[in-house]
Amino acid sequence: MSDEKLSWKAKVFWSSRTWESTIVEQVPDEHIVWRSKGPKGHVDGTVSFHEPAPNLTRVLLVLEYHPQGFFERTGNLWRAQGRRVRLELKHFRRYVMTQALTRPDEVEGWRGEIRDSEVVRSHEDALDEEEHDREDGARAAGDRTSGDRKTGDRKSGDRKSGDGKTKSRKAEEREAEEREAEEHEAEEYEAAR
């Protein structure tokens, strides 16, 4: 298929199901929204990724299932699909965590961007852009530190942070608020577990 269209096949006992999904929107490290269609029902959904603390990601998944056919509707009465999805997500979480711990260098995802079911930035373009941003950031950090040491020139209201970079008070306050919010979310997450 293509970057924004995926074809799926699943087998449950003796019955197999196929469906096609279209990614409506995908923003790397933020969210994915999709629609699907198939002869025995369809599932629409969204998954979002949140970073409550460093090295901790909260994944929120919302699925909307529309069954068609006798077996699908009967299974839906007993909530079989929901239980199965939760079980599969537990397996997926275990798989992702194992891969991230045992082979962190091999973990890679599709970094492109999709809007209105159209690829607006390809995977290769996104990787090139991220590499370029990293190089520019490293170069700018080096220029700032060397420039500050040479001239000693800083804007009023700016302060040196522990890493030698100049930060405004507003930026420091914003970072402190973000850290507090992340710590609060991490505490809520731990309490919910």
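A polar contact of 2.8 Å links the side chains of Arg-111 and Asp-29, a polar contact being a pair of N or O atoms within 3.5 Å of which, within protein, one must be able to donate a hydrogen and the other to accept it, with residues adjacent in sequence counting only if both atoms are side-chain atoms. The model is predicted, so local features need pLDDT of at least 70 and side-chain atom pairs count only at pLDDT 80 or more, while totals for chains, interfaces and linings use all residues. Residues are numbered from 1 along each chain as its sequence is written, and side-chain values use heavy atoms, with hydrogens and water left out.

- Arg-111 sits in the loop between α2 (80-102) and β6 (113-115), where helices (H or I, at least four residues) and strands (E, at least two) are DSSP runs numbered from the N terminus.
- Arg-111 counts as buried because its relative accessibility is 19%, buried meaning under 20% relative accessible area, exposed over 50% and partly exposed in between (1.4 Å probe, protein chains only).
- Apart from neighbours within four places in sequence, Arg-111 is in contact with residues including Pro-28, Arg-121, His-123 and Glu-130, contact meaning heavy atoms within 4.5 Å.

**The chain as a whole**
- The chain has 4 helices and 9 strands, and buried residues make up 20% of its 193 residues.
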